[in-house]
Amino acid sequence: WMEEFHVDAIRVDAVASMLYRDYSREDGQWIPNRHGGRENLEAIAFLQRVNREIYARAPGAMTVAEESTAWPGVSSPVHDGGLGFGFKWNMGWMNDTLSYMSEAHEHRSWHHDKLTFGLLYAFSENFILPLSHDEVVHGKGSILGRMPGDWWQRRANLRAYYGFMWGHPGKKLLVMGQEFGQTHEWDHAATIDWAAAGSPDHDGIRRLVRDLNTVYRETPALHARDSEAGGFEWVDGGANEASVLSWIRHGREGDDPVLVIVNFSRFERTDWRFGAPCDGFWEEIVNTDAAPYGGTGRGNVGGVATSGGGEHGKPFGLTATLPPLSAIYLRHRPGR
C-alpha cells in the first residue's frame with residue numbers, strides 16, 4: 001500500500017480486540033497465553049513487526065492505532081518495548097469533550113472536568129484528537145448537530161470547539177464534511193453536502209478551519225512539543241462557573257509562546273484577567289468570533305499588552321475581552 005500506491009498512513013482499527021485474548025469473551029471462552037496471562041503475545045509480535053517494516057521501508061509514512069484501553073506504549077518504539085505505532089487515537093478526549101459540548105450552556109459548569117481531565121494523560125502517548133467517521137454515523141448525527149442552542153449558537157459552539165481542539169496538545173482529525181459543519185450524518189454511500197458548503201453560514205466554518213490550519217502550521221508553539229509536558233502550561237483550568245479555560249503552548253527555545261483562551265458560555269467576558277509568562281504585547285492571531293467566520297466581530301482589536309501585576313502565579317498579567325462561545329489565541333510578540 002505504501003510502496004506501490006503511495007498511501008501516507010495506515011490506521012489499524014480495534015487494536016484492543018487483538019491485544020487481549022479475553023476481549024469480548026466470558027470466562028471459559030478464552031485460553032491464557034503461555035505465561036498464564038490475558039495478553040495475546042502473537043498479536044503483539046505481529047503489530048510490532050508491521051510497524052518496524054513500515055517505518056523502515058516507507059520513510060515519511062505513519063501508522064495509527066485505534067486502541068481504546070490503557071495499554072502502555074502503543075506509540076512507543078518497539079526497541080523500548082512498545083507496539084511501535086506512530087500515533088494513537090485519543091478516544092477518551094473525544095468522548096469527554098463531545099459529551100461536554102452537547103450539554104446545555106447553563107449546565108456546562110458542572111461538567112468542566114470533561115475538558116480538563118485529558119491533560120492528566122495527554123503526554124503518555126503520541127495522540128491524535130479524532131472527530132472520526134465513527135462519531136457521525138448510526139444515529140449520532142453530525143458534529144454540528146451535537147451543539148446546543150439556536151442556529152447561531154450551534155455554529156458558534158462548533159467554531160469554539162475547533163479553536164479548543166487546535167489549541168490543545170495532539171494532532172487533529174476531522175471526518176469529511178465537518179470542515180464546513182455538515183448538518184446531517186455522514187453516509188458512505190452518498191456525497192457529502194457540497195451545496196451547504198457554499199452557503200455563508202457554512203463557509204464561515206470552512207474559513208475558520210482553513211485559518212486554523214494556516215496558523216497551526218506557521219506557529220511552532222502549537223505543534224512542536226505536542227507530546228511533551230513542557231509544551232503545555234495551565235493558566236487557569238478551574239474557572240468552571242464561567243466556563244472559561246486558558247493555557248499556554250510553548251515551542252522550542254526562541255519560539256513565541258501562545259496563550260489559548262476558550263469561553264464556552266453564552267456571555268461575553270469583558271476585562272477578564274489572565275496570567276502571562278512574558279511582558280509586552282500579545283497579538284490576537286485567532287478569534288473564532290470574527291465576522292468572516294460568522295461571529296459577532298468582538299475581540300481585542302489586534303491584541304493586548306501586559307498591565308498591572310501578575311495573575312495565576314505568572315509574573316505578568318493582561319486583560320482581554322472574551323466573546324461569547326469563542327476561542328482566541330494570543331501570541332507573544334517581543335518588541336511590539
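How many of the residues of strand β8 (residues 258-263) are buried? In this predicted model, 6 of the 6 residues of β8 are buried, and the strand is thus described as mostly covered.

**View 1. The two faces of strand β8.** In a regular strand the side chains alternate between the two faces of the sheet. In β8, V258, V260 and V262 point one way, whereas L259, I261 and N263 point the other way, and the residues of both sets are all buried.

**View 2. Strand β8 and its partners β7 and β13.** Strand β7 (residues 244-249) pairs with β8 in the antiparallel sense over 6 bridges, and within this pairing I248 stands opposite L259 of β8. Strand β13 (residues 326-333) also runs antiparallel to β8, to which it is joined by 6 bridges, and here R331 of β13 is the bridge partner of V258.

**View 3. The open parallel sheet.** Five strands, in the order β1-β2-β3-β4-β5, form an open sheet with parallel pairing. Because β1 (9-12) and β5 (171-174) stand at the edges with a single partner strand each, one side of each is left without a neighbour in the sheet. From one strand to the next, the twist averages 25°.

**View 4. Strands β3 and β4 within the parallel sheet.** Strand β3 (residues 87-89) pairs with strand β4 (residues 127-131) in the parallel sense, over 2 bridges, and W89 stands opposite I128 in β4.

**View 5. Helix α5 across β4 and β5.** Helix α5 (residues 151-167) lies across both β4 and β5, and the helix runs at about 145° to β5.

Methods:
Residues are numbered from 1 along each chain as its sequence is written. This is a predicted model: local features need pLDDT of at least 70, side-chain atom pairs count only at pLDDT 80 or more; totals for chains, interfaces and linings use all residues. Side-chain values use heavy atoms; hydrogens and water are left out. Buried means under 20% relative accessible area, exposed over 50%, partly exposed in between (1.4 Å probe, protein chains only). Helices (H or I, at least four residues) and strands (E, at least two) are DSSP runs, numbered from the N terminus. Two strands pair if DSSP finds at least two bridges between them. Axes are lines fitted to C-alpha atoms, for helices over the stretch in contact, and angles run from 0 to 180 degrees between N-to-C directions. Contact means heavy atoms within 4.5 Å.
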